[in-house]
Amino acid sequence: YGADGESERMIGRVLGKHREDVVIATKGGIAWDENRKQVKDARPATLRRHCEASLERLGMDHVDLLYLHA
């Protein structure tokens, strides 16, 4: 959510050293094509890419739960 995942960046900054005190969940499986049309894609490679992007934005090395969006 937010501009290009800004909410995940904010969550990562706020949690900081308290990462192990919370459960982190994120989601994947929806993307947008070049025409900004929503595309559902639950292929393993896509979910891996979405998860890795979330981890980068969060500044964390793992999430506890990955939801399949939609």
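## Reading a predicted chain

Guide: Glu56 is exposed, with a relative accessible area of 68%, where exposed means over 50%, buried means under 20% and partly exposed lies in between, judged with a 1.4 Å probe and protein chains only. The place of Glu56 is in helix 2, and its C-alpha lies 9.1 Å from that of Glu8, a residue 48 places away in sequence.

Visitor: What kind of model is this, and how are its residues numbered?

Guide: This is a predicted model, in which local features need pLDDT of at least 70 and side-chain atom pairs count only at pLDDT 80 or more, while totals for chains, interfaces and linings use all residues. Residues are numbered from 1 along each chain as its sequence is written, and side-chain values use heavy atoms, with hydrogens and water left out.

Visitor: Which helices and strands does the chain have, and in what order do they run?

Guide: Helices (H or I, at least four residues) and strands (E, at least two) are DSSP runs, numbered from the N terminus. Here the chain has two helices and four strands, and from the N terminus on the elements follow the order α-β-β-β-α-β. Along its principal axes, the C-alpha trace spans about 40 × 25 × 15 Å.

Visitor: What is Leu58 in contact with, once its neighbours within four places in sequence are left aside?

Guide: Contact means heavy atoms within 4.5 Å, and with those neighbours left aside Leu58 is in contact with Glu8, Ile11, Gly12, Ile24 and Val63. For the chain, 58% of the contacts between residues at least 6 apart in sequence join residues at least 24 apart.

Visitor: In which sense do strand 1 and strand 4 pair, and over how many bridges?

Guide: Two strands pair if DSSP finds at least two bridges between them; strand 1 and strand 4 (residues 65-68) do so in the parallel sense, over four bridges. The bridge partner of Thr26 in strand 4 is Leu66. Strand 1 (residues 25-28) has a covered face, made of Thr26 and Gly28, and an uncovered one, made of Ala25 and Lys27.

Visitor: Where does Leu65 lie, and what is it in contact with?

Guide: Leu65 lies in strand 4 and, leaving aside neighbours within four places in sequence, is in contact with Ile24, Ala25 and Thr26. Although Leu65 and Thr26 are 39 residues apart in sequence, they are 6.5 Å apart in space, C-alpha to C-alpha. Leu65 is partly exposed, with a relative accessible area of 38%.

Visitor: Which residue has a positive phi although it is not a glycine?

Guide: That residue is Arg36, with a phi of about 65°, and it is found in the loop between strand 2 (30-32) and strand 3 (38-40). Arg36 counts as exposed because its relative accessibility is 64%.
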